[in-house]
Amino acid sequence: MDQFRGAIAALFSSQDVAAQQAANQWLNEFAPTPAAWEASLNILEPALPANVGFFAANMLLNKSRTEWSRLPQESRTQLTAAISVKLQSLIQGNADALVCQRLCMVLASMAVRTNAEAVQAYLAQALNTASQAQSAAQLQSALVMLTEVQHESADLDTQRATANSKAMSPSAGAVLALVQQVLANVQAAGGESVAITAVKCLHAWCDSAHAGIGISPRPVTLARLHTEHGALLSALFQLVGSENSDLREGVVTVLVA
């Protein structure tokens, strides 16, 4: 792992162009190897510079998207557990938010490329994290997990995406209830940043329905929000007048999608 650290340091910190090029070449050759899983995961620590952490997390994401199906089940189980623990460690250590988001994407990518049971376990983990959140960062990471599972699934072939959507269906009500809880009392939930993440989560679950692969057989639509989650719809309408442009635009995107 020392060589991995050294290559990253040279890539981001060296003033020598030749050294940067050599480091980049070495990292490109190292990335597809089995050792890159462990090296990328082990280097991630809360105090790590954001650009280095993002690089390592992004390497994990790329590997999960391209290599996951080739890994034996034992390796999959071990990696999923290790990355879950690492994510919680980074959140508790106030690591860079983009690095934490990337690890959420890694976990989502792994789940949707495994099977329905893995997707359901992933959703249960995210909802449990939200219910036990003791900080805005923990709640936000749970919402990101719930968002990214939709995005990662949408990138798959239709057959697998549809199977994933069916696996997600039983959790739709809990996801909507969580978003409603956040948007009904933005400040108590952690402020506008958390609210923006919640709106993005809602949009991801609604948008999957519009793409024809979402939450079959009962997609998350505005009609469903009106009949079953009126308080959530009311909260959205109230936030249309928010002074925060990102929050306001996110809400409008959900309402007009």
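Which residues in H7 meet which residues in H8? That was my starting point today.

**Ground rules**

I'm working with a predicted model, where local features need pLDDT of at least 70, side-chain atom pairs count only at pLDDT 80 or more, and totals for chains, interfaces and linings use all residues. Residues are numbered from 1 along each chain as its sequence is written, and side-chain values use heavy atoms, with hydrogens and water left out. Helices (H or I, at least four residues) and strands (E, at least two) are DSSP runs, numbered from the N terminus.

**Entry 1: H7 and H8**

I looked up the contact, which means heavy atoms within 4.5 Å. On the H7 side I found Tyr122, Leu123, Gln125, Ala126, Leu127, Thr129 and Ala130, and they meet Gln138, Leu139, Ser141, Ala142, Met145, Leu146 and Val149 in H8. I sorted the residues of this contact into ten nonpolar, four polar and no charged. For that I counted Ala, Val, Leu, Ile, Met, Phe, Trp, Tyr, Cys and Pro as nonpolar, Asp, Glu, Lys and Arg as charged, and the others, Gly among them, as polar.

Next came the geometry. Two packed helices are described by the angle between their axes and the distance between the axes. The axes are lines fitted to C-alpha atoms, for helices over the stretch in contact, and angles run from 0 to 180 degrees between N-to-C directions. For H7 (residues 116-131) and H8 (residues 136-154), the axes come within 8 Å and cross at roughly 155°. H7 and H8 are therefore roughly antiparallel to each other (under 35 degrees would be roughly parallel, over 145 is roughly antiparallel, 65 to 115 roughly perpendicular and the rest oblique). I noted the crossing of H7 past H8 as left-handed, meaning the near helix is turned anticlockwise from the far one by less than a right angle; clockwise would be right-handed.

**Entry 2: Gln138**

I stayed in helix H8 to check Gln138. Is Gln138 buried or exposed? Gln138 is buried, at 13% relative accessible area (buried is under 20%, exposed over 50%, partly exposed in between, with a 1.4 Å probe and protein chains only). Leaving aside neighbours within four places in sequence, I listed Gln88, Ile91, Gln92, Thr129, Gln132 and Ala133 as contacts of Gln138. I also checked Gln138 against Val194: they are 56 residues apart in sequence and 10.0 Å apart in space, C-alpha to C-alpha.

**Entry 3: H8 and H9**

The other end of my H8 tour was H9 (residues 158-168), which packs with H8 at an angle of about 155°, with the axes 9 Å apart. So H8 and H9 are roughly antiparallel to each other, and H8 passes H9 in a left-handed crossing. I saw Val149, Gln150 and Ser153 of H8 meeting Ala161, Asn164 and Met168 of H9. By class I got three nonpolar, three polar and no charged residues there.

**Entry 4: H3 and H4**

Helix H3 (residues 35-43) packs with H4 at about 145°, and their axes are 9 Å apart. I put this crossing down as left-handed. From H3 the contact takes Ala36, Trp37, Ser40, Leu41 and Ile43, and from H4 it takes Val52, Ala56, Met59, Leu60, Lys63, Ser64 and Glu67. My tally for H3 with H4 was eight nonpolar, two polar and two charged residues.

**Entry 5: aromatic rings**

I used this rule: rings of Phe, Tyr and Trp (its six-membered ring) pair if their centres lie within 6.5 Å, with planes under 30 degrees apart stacked, over 60 edge-to-face and the rest tilted. That gave me four aromatic pairs. In one, the ring centres of Phe12 and Phe55 are 5.8 Å apart and the planes are at 85°, so I called the pair edge-to-face. It links distant parts of the chain, with Phe12 in helix H1 (residues 2-13) and Phe55 in helix H4 (residues 50-67), 43 residues apart. Phe12 is partly exposed at 34%, and Phe55 is partly exposed at 22%. I also found one aromatic cluster formed by Phe4, Trp26 and Phe30.

**Entry 6: Asn94**

Most residues other than glycine have a negative phi. I flagged Asn94, which is not a glycine but has a positive phi of about 55°. I found Asn94 in the loop between helix H5 (73-92) and helix H6 (97-112), exposed with 66% relative accessible area.
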